[in-house]
Amino acid sequence: TLQIEKGVKKQKALALENLISNGIIQREETSMEEEVAGQRQGCFNLADILYFSKKGFEAIADDEVTRRFSSEELISWNLLSRTNVNFHHVSWQLTVVWITGILIRYCLLMPLRVKCWLSNQVQMTCAALGVRCLSGAVHFHNRENRPQKGGICVANHTSPLDVLILASDGCYSLVGQAHGGLLGLIQKSCMKTTQHVLFERSEMKDRHLVRKKIREHIADKTKLPILIFPEGTCINNTSVMMFKKGSFEVGGTIHPVAIKYDPRFGDAFWNSMKYSVMTYAFKLMTSWAIVCNVWYLPPMVKEEEEDAVHFANRVKAVIAAQGGMSVLPWDGGLKRKKVKESLKEEQQKKYCQIVIENGTVGNGNVH
């Protein structure tokens, strides 16, 4: 596999880079004002339709937001799956290894891990044992920067395992919605040992109440730091999307944490739109291991006259730089919601302004 990856990097580095970044199209980084206004002669032009059609086709063929919610594609053949059609049949020895791996993962490792998972339900607070259950190999860096009591720990979000991994190296209070059933029973058991900040479904919509409870929690320096994932949804380990500003409005010290998984051994990303909890757990149980690096970054505080949005972007940039991930301004909520009408109206207003301005300049009046 290493030899294949080296060969691919030498021979197809540029082609793969274009394929990953641009898909099947080559985009021009120009604004609507530059592209439409620069080619017009008068007011409305039928050629303008081509501009909007082209942008629509580009969005359908290669949407840089939607593809962040699909699993990261590996360059070459690996011990988990065959992801490249050019390397399906490298050698019969490698095929034997791959088939043997299937038997080991599905017939040996998965039953053992299921047994461990069932036996560990009684000890949910033992996060380290839970990580070992999944053959987790976690490398923690800069432990001197670990979150302290009375602070807020913020991290990028790839998987529900993020909580388990961080909890295996320290204790945290969690912010989340109160549930019923089995999950609610587990929450009540955890609340006996750790003071989490839980809300009812109706209370989650009250941002003022959420901020108030968090502010009260961090004001008590004897309580555990709160663990928050400001993205609000799982991203596929390649990018860090918009941080919601609520976590950065309550004050206190922010402890950034960068989490980066190694996809060669197992895909930790949870696409909740595609896989149920049980299906996702099955994928984890049949992977080789969960390998990741965790960096504790120096604590950060909001500067004077800095608003919550700029502070959130500053923290996001630090986390992305440490984890080697790209920074995107998009809201992760686009995973489940449609584009706001206000954004569409903004583009329409821009286009109307171009038509009006050019119509005035070209004909001396407005049509």
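**Group meeting: notes on a predicted model**

I will start with one residue. N237 has a relative accessibility of 5%, so it counts as buried. The residue sits in the loop between β5 (226–228) and β6 (239–240). N237 is not a glycine, yet its phi is positive, at about 75 degrees. For context, most residues other than glycine have a negative phi.

N142 is another case to look at. Its phi is also positive, about 55 degrees, and N142 is not a glycine either. N142 is placed in the loop between β1 and β2 (152–155). Is N142 buried or partly exposed? With 35% relative accessibility, N142 counts as partly exposed.

Now the whole chain. This is a predicted model, so confidence comes next. The average pLDDT of the protein is 76, and 69% of the residues score at least 70. Which elements have the lowest and the highest mean pLDDT? Helix α1, residues 2–22, has the lowest, at 54, and strand β7, residues 254–261, has the highest, at 94. Two stretches deserve a mention. Over residues 18–24 the pLDDT stays under 50, and the model gives that stretch eight contacts beyond four places in sequence. Over residues 119–124 the pLDDT also stays under 50, with five such contacts in the model.

On overall composition, the protein has 11 helices and nine strands. There are 367 residues in the protein, and 37% of them count as buried. If you take contacts between residues at least 6 apart in sequence, 74% of them join residues at least 24 apart.

Next, the aromatic rings. How many aromatic pairs does the structure hold? The structure holds five. One of them is F140 with Y296, a stacked pair, with 6.0 Å centre to centre and 10 degrees between the planes. F140 and Y296 are both buried.

A further pair is W270 and Y280. The ring centres are 5.6 Å apart and the planes are at 35 degrees, so this pair is tilted. W270 is in the loop between β7 and α9, and Y280 is in helix α9, 10 residues apart. W270 and Y280 are both buried. There is also a cluster, in which ring pairs link F243, F248 and F311.

Y280 takes us to helix α9 itself, residues 277–285. Which residues of the helix are buried? They are Y280, L284 and M285. Looking down the axis of α9, these buried residues fall within an arc of 140 degrees, so they line one face of the helix.

Last, one polar detail. S173 is in strand β3, which covers residues 173–177. Its relative accessibility is 1%, so S173 counts as buried. The side chain of S173 makes a polar contact of 3.5 Å with the side chain of H217.

To recap, for anyone opening the model now: the backbone cases are N237, with a positive phi of about 75 degrees, and N142, with one of about 55 degrees. For the rings, look at the stacked pair of F140 and Y296 and the tilted pair of W270 and Y280. Keep in mind the stretches 18–24 and 119–124, where pLDDT stays under 50.

Conventions:
Residues are numbered from 1 along each chain as its sequence is written. This is a predicted model: local features need pLDDT of at least 70, side-chain atom pairs count only at pLDDT 80 or more; totals for chains, interfaces and linings use all residues. Side-chain values use heavy atoms; hydrogens and water are left out. Helices (H or I, at least four residues) and strands (E, at least two) are DSSP runs, numbered from the N terminus. Buried means under 20% relative accessible area, exposed over 50%, partly exposed in between (1.4 Å probe, protein chains only). Contact means heavy atoms within 4.5 Å. A polar contact is a pair of N or O atoms within 3.5 Å; within protein, one must be able to donate a hydrogen and the other to accept it, and residues adjacent in sequence count only if both atoms are side-chain atoms. pLDDT is the predictor's confidence in each residue, from 0 to 100. The arc is that of the directions from the helix axis to the C-beta atoms. Rings of Phe, Tyr and Trp (its six-membered ring) pair if their centres lie within 6.5 Å; planes under 30 degrees apart count as stacked, over 60 as edge-to-face and the rest as tilted.
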